[in-house]
Each structure stands twice: as structure tokens, then as C-alpha cells.
Amino acid sequence: MSYDAQSDPRRMATFLAWVSTFALFAYPAILMWQLLTRDLSQAYVEAFPALTIAAPPEGWRLWSLLALDAIEIAVTLAILWQVRCIFRAFAHSAEPTADVARRLSKAGMLLVLQMILAVLVRAGESVLLTLANAPGMRQLSISLGSTDLALLIAAGLLICTGRALAHGAAAMAENRGFI
């Protein structure tokens with residue numbers, strides 16, 4: 001039995017392409033199920049245990065919270081789409097292409113956006129949740145953690161790798177022209 005060096009990366013890329021495709025459909029479906037079956041006002045209160053919340057969000061405050069979360073969800077779905085396309089490309093060919101390079105860089109930029117949005121959305125949600133509190137009792141909660149730093153580093157790696165692959169793909173295309 002011989003070892004084919006190309007089969008393992010392609011097999012893994014095929015599996016990950018299916019996983020990311022599943023996630024693209026499952027993530028919105030799970031979110032919709034939660035929207036339909038949970039008391040969203042109470043869920044928001046439970047999501048921020050450190051805040052003193054006088055009244056659960058209702059009306060425009062609840063809709064504003066949902067809109068903030070929708071922005072984050074849209075970016076997450078865009079990242080999943082880019083990753084899915086990258087894995088599908090690697091499943092078909094292990095050669096770096098300009099499209100894969102562009103998508104890697106784009107996924108990295110979207111991860112940076114996701115990290116920034118996570119900080120800003122949580123801050124906005126803390127304000128919206130405590131807006132019903134008496135003046136002087138409203139809170140703004142901003143947090144940065146090691147996960148945010150790790151996400152930023154991973155995003156930087158994706159962007160740099162994408163740019164390096166773009167140069168490699170251009171060189172491969174140029175070399176094919178000589179042959």
C-alpha cells in the first residue's frame with residue numbers, strides 16, 4: 001500500500017468543505033429556532049449577568065439588540081462562505097490560486113471586522129440593556145480578552161498567507177507561460 005501525498009489534504013479539505021456548508025445552513029436555522037422558541041428579553045438579561053438591568057428590553061430596545069446581533073451574524077456567515085469556498089478549492093486542487101489567495105485575505109479581514117464588531121456590539125448591548133435604569137445607574141461594558149487577541153493574530157495570519165499565496169500563484173502562472 002503506497003502513500004499518496006495529495007489524498008490526505010484533499011480528503012480533509014473535502015470534509016471541511018462539507019462541515020462549513022452544513023454550518024452555513026445550520027447556524028441560521030438554529031438562530032431562527034431560538035428566535036421562535038425563547039423569551040428573547042430574558043435571554044439578553046441572562047447573557048449579561050454582570051450588568052444591573054432594571055427592566056428586560058422591550059419594544060425598540062429589543063429590536064435594536066436584535067439588529068446589532070444581526071450585523072455580527074451577517075459577518076459570521078460571510079466568513080463561513082469564504083472558508084467554504086477555500087476548502088472546496090483545496091478539495092479540487094492543492095495548487096494555490098489567485099482566487100484562494102483573495103479569499104484567504106478576505107476571510108482574514110472579515111475576522112478582524114468580527115473582532116471589532118464583537119467589542120462594539122457588546123458595548124452597545126450593555127448600553128441598551130441598562131437604558132431603562134435610573135440616571136447614574138446606566139452601564140457601559142467594554143471588554144477585550146485573550147480570545148480577541150487570538151482572533152486578531154489568526155486574522156493577521158490569514159491575511160499574510162493570502163498575500164503570500166497571491167504572489168506564489170502569480171509566479172506559477174508566469175512560469176507556466178515559459179513552458
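Visitor: Starting with Asn 133, is that residue buried or exposed?
Guide: This is a predicted model, and in it Asn 133 counts as buried, because its relative accessibility is 4%, under the 20% cut-off.

Visitor: Where is Asn 133 found?
Guide: Asn 133 sits in the loop that runs between helix 4 and helix 5, the latter spanning 146–178.

Visitor: And what lies 3.1 Å from a polar atom of its side chain, that of Asn 133?
Guide: That is the backbone oxygen of Met 137, which is 3.1 Å away from a polar atom of the Asn 133 side chain.

Visitor: What about Thr 130, where is its place?
Guide: Thr 130 belongs to helix 4, and with a relative accessibility of 0% it counts as buried. Its C-alpha atom is 8.7 Å from that of Pro 57, although Thr 130 and Pro 57 are 73 residues apart in sequence.

Visitor: Switching to pockets, what volume does the largest pocket have?
Guide: The volume of the largest pocket is about 590 Å³. It is lined by 22 residues, and the ones closest to the centre of the pocket are Leu 31, Gln 34, Tyr 44, Asp 69 and Ile 73.

Visitor: How many residues of the lining of the largest pocket are charged?
Guide: Five are charged, alongside three polar and 14 nonpolar residues in the lining of the largest pocket.

Visitor: Which residues are buried in helix 2?
Guide: In helix 2 the buried residues are Leu 40, Ser 41, Ala 43 and Tyr 44. Viewed down the helix 2 axis, these buried residues fall within an arc of 165 degrees, so they line one face of the helix.

Visitor: Why would residues three or four places apart point the same way in an α-helix?
Guide: They do so because an α-helix has 3.6 residues a turn.

Visitor: Now Glu 72, is it buried or exposed?
Guide: Glu 72, which is found in helix 3, is buried, since its relative accessible area of 9% is under 20%.

Visitor: What does the side chain of Glu 72 make a polar contact with?
Guide: The partner is the side chain of Arg 122, and the distance of that polar contact is 3.1 Å.

Visitor: Changing topic, how many disulfides does the structure hold?
Guide: The structure holds zero disulfides. As for individual cysteines, Cys 85 is buried because its relative accessible area, 13%, is under 20%, whereas Cys 160 counts as exposed because its relative accessibility, 53%, is over 50%.

Visitor: What separates the C-alpha atoms of Cys 85 and Val 100?
Guide: Their C-alpha atoms are separated by 7.9 Å, with Val 100 and Cys 85 being 15 residues apart along the chain. Val 100 lies in helix 4 and, at 2% relative accessibility, counts as buried.

Notes:
Residues numbered from 1 in each chain as written. Predicted model: local features only at pLDDT ≥ 70, side-chain atom pairs only at ≥ 80, totals over all residues. Heavy atoms only, no water. Disulfide = S-S within 2.5 Å. Buried < 20%, exposed > 50% of the residue type's maximum accessible area, 1.4 Å probe, protein only. 1 Å grid on protein atoms, 1.4 Å probe; cavity = no way out; pocket = protein on both sides within 12 Å on 5 of 7 lines; lining within 4 Å. Points joined across faces, edges and corners; volume = space filled by probe spheres on them. Nonpolar A, V, L, I, M, F, W, Y, C, P; charged D, E, K, R; others polar. Helix = DSSP H or I, 4+ residues; strand = E, 2+ residues; numbered from the N terminus. Arc of directions from axis to C-beta. Polar contact = N/O pair within 3.5 Å; in protein donor to acceptor, adjacent residues only side chain to side chain.
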